[in-house]
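Here is a short note for a colleague meeting this structure for the first time.

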Amino acid sequence: MSALVVLFVACAGIVYLARTDVALSADAALTLIVFVIAVWLWIFTRVDDTYIALGAAATLTAVGVTDADALFAALGDDIVWLLMSAFVIAAGVASSGLATRGAAFLVTGARTPRALIHLVTAALVVSAFAVPSTSGRAALVLPVFVAIATVLADRPRLVRALALLFPTVILLSAVASLLGAGAHLITSRIVTTATGSGFEFATWMLLGLPLAIVSSHAAAEVVLWMFTDAEDRHRGLSITAEDIGAQSSTPVTGPLTVAESRAALLLAVVIVQWCTEPLHGIHPAVVALLGALVATSPRYGSVKLGAALKTVPWTLLLFMAATLSIGTALTTSGAADWLATTAFGPLTSRGAAAGPLFVVVVVVISTAAHLVIQSRSARSAVLIPVVVALAPTVGVDPLAAAFISTAAAGFCLTLPSSAKPVTLFSSVPEVPTYTSRDLLWLSAVLGPLSAVLVLLFAWFVWPLLGMPLFP
């Protein structure tokens with residue numbers, strides 16, 4: 001009941017301000033009302049996130065804030081085609097067995113728990129470039145975890161540490177790739193709409209990969225120290241390829257199969273083409289589409305097109321299209337500018353301290369946002385328009401501010417429901433993993449650490465890589 005009261009008061013306040021504040025136009029007020037209702041539904045109800053986003057986008061069109069052409073154009077946006085094609089390529093890579101073979105090659109070289117933890121971490125970081133979305137990566141590596149956990153059944157503390165490590169690194173390492181999470185593509189599109197320039201694949205990788213490596217391996221050490229004791233850490237271990245192969249339908253030893261060789265070559269060519277877009281000028285979505293066609297071709301591919309399309313999370317693509325429409329409405333109607341000025345206006349009076357204080361506030365809010373908005377893409381749709389609108393007024397580059405917010409929002413570990421990988425690894429049949437209390441304890445340490453790392457990169461690393469905070 002109190003949540004409904006808050007919603008009613010917020011909407012009534014927007015209506016009142018629209019009648020008295022000349023800076024808030026009718027279109028901006030309508031956009032804000034729809035936006036507030038959507039956020040409220042995301043937070044306080046169990047209605048499907050995609051259903052809410054589509055309803056909000058359709059409502060904005062019905063009331064005239066956006067036109068129908070813009071709404072339906074979002075469904076055919078190049079970002080949607082890019083992600084759809086990337087999922088098809090990932091289906092080909094997964095069906096070939098290449099990913100499982102790579103994981104087996106790494107973990108069988110571990111002779112100590114620390115080596116195992118960091119080799120798993122390295123493999124998960126690399127997987128950000130092979131499989132789009134964190135939930136897809138979690139599903140891909142779950143059999144590897146089960147195989148390792150089966151071998152280490154007599155070492156429950158180490159199994160629990162590994163169960164926590166997999167989703168933690170999957171989430172933190174997603175920032176390495178533009179395709180690592182749908183939120184990244186939403187951020188890029190919103191920034192492009194607001195400023196005229198977004199992120200290319202190579203640019204995002206240059207900025208995100210160093211943070212992914214540092215934060216993932218730092219988290220690995222935290223997990224190891226928090227959930228194992230000295231005896232666990234110093235006691236040797238041995239995991240064979242046969243142990244991993246027992247959980248795989250494809251071979252993990254011997255020469256690469258034809259399907260694996262072709263999948264590796266295709267993946268390498270596609271990533272190189274994405275990274276060298278300025279040289280050849282072929283749009284990343286076109287590269288991905290051509291790669292998807294090769295991956296599903298009758299003679300070369302390892303999976304049929306129909307089967308590959310069944311792996312595409314269509315609800316995610318619809319959600320992305322709807323949130324892109326909402327984000328565009330927030331920007332073009334002036335609602336984001338008004339909201340940013342109203343909510344963060346006091347920061348502008350801080351003089352020279354306004355910019356640094358703004359960055360800190362953005363990182364803190366973005367890191368904690370998963371506690372109220374579970375969807376990573378929804379968090380970007382909510383935060384990025386406001387962040388981009390306010391950043392120039394405090395002397396912060398909007399591109400940098402958007403990237404910082406998105407990177408910080410990648411932390412979402414506090415509750416089993418905070419992210420799909422966390423949910424997936426919290427309940428694995430016949431394998432004891434972790435409890436809600438373990439997640440809370442881990443988040444109490446990793447949350448602040450993650451925020452500090454983003455701030456350190458924002459001030460000292462990313463400016464050296466071509467993304468200054470203060471242009």
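1. Start with the nonpolar surface patch, where α24 is the main contributor: this helix gives the most to the patch, with four residues. Please keep in mind while reading that the model is predicted. Helix α24 spans residues 436-461, and α20 (354-368) also supplies at least two residues of the nonpolar patch.

2. Which residues make the nonpolar surface patch? They are Val360, Val364, Val452, Leu456, Trp459, Phe460 and Phe470, and the patch covers about 600 Å².

3. Phe460 sits in helix α24. Its relative accessible area is 55%, so Phe460 counts as exposed, the cut-off being over 50%.

4. Next comes the largest pocket, which holds about 1,000 Å³ of space. Its lining is made up of 42 residues, and those nearest the centre are Thr134, Ser135, Leu316, Ser375 and Lys420.

5. Which helix gives the most to the lining of the largest pocket? That is α8, with five residues. Helix α8 covers residues 134-151, and other elements that each supply at least two lining residues include α2 (26-44), α5 (78-96), α18 (314-332) and α23 (420-426).

6. Now turn to the second largest pocket, with about 450 Å³ of space. It has 25 lining residues, and Ala99, Gly102, Ala123, Val126 and Ser127 lie nearest its centre. Two or more lining residues come from each of α6 (98-107), α7 (113-127), α8 and α14 (258-275). Among these, α6 gives the most, with seven residues.

7. How many charged residues are in the lining of the second largest pocket? There are no charged residues there, while 22 are nonpolar and three are polar.

8. One last stop is Ala12, in helix α1 (residues 2-20). Ala12 is partly exposed because its relative accessible area is 37%, which falls between the 20% and 50% cut-offs.

Notes:
Residues are numbered from 1 along each chain as its sequence is written. This is a predicted model: local features need pLDDT of at least 70, side-chain atom pairs count only at pLDDT 80 or more; totals for chains, interfaces and linings use all residues. Side-chain values use heavy atoms; hydrogens and water are left out. On a 1 Å grid over the protein atoms alone, a cavity is a set of points where a 1.4 Å probe fits but cannot get out, and a pocket is an open set with protein on both sides within 12 Å along at least five of seven lines; lining residues have an atom within 4 Å of a point. Grid points are joined across faces, edges and corners, and a volume is the space filled by probe spheres set on the points. Ala, Val, Leu, Ile, Met, Phe, Trp, Tyr, Cys and Pro count as nonpolar, Asp, Glu, Lys and Arg as charged, and the others, Gly among them, as polar. Patches are made of residues with over 30% relative accessible area and no salt bridge: like charges are joined within 9 Å, nonpolar side chains (Val, Leu, Ile, Met, Phe, Trp, Tyr) within 5 Å. Accessible areas come from the Shrake-Rupley method with a 1.4 Å probe; for residues, only the protein chains shown count as cover. A salt bridge is a side-chain nitrogen of Lys or Arg within 4 Å of a carboxyl oxygen of Asp or Glu. Buried means under 20% relative accessible area, exposed over 50%, partly exposed in between (1.4 Å probe, protein chains only).
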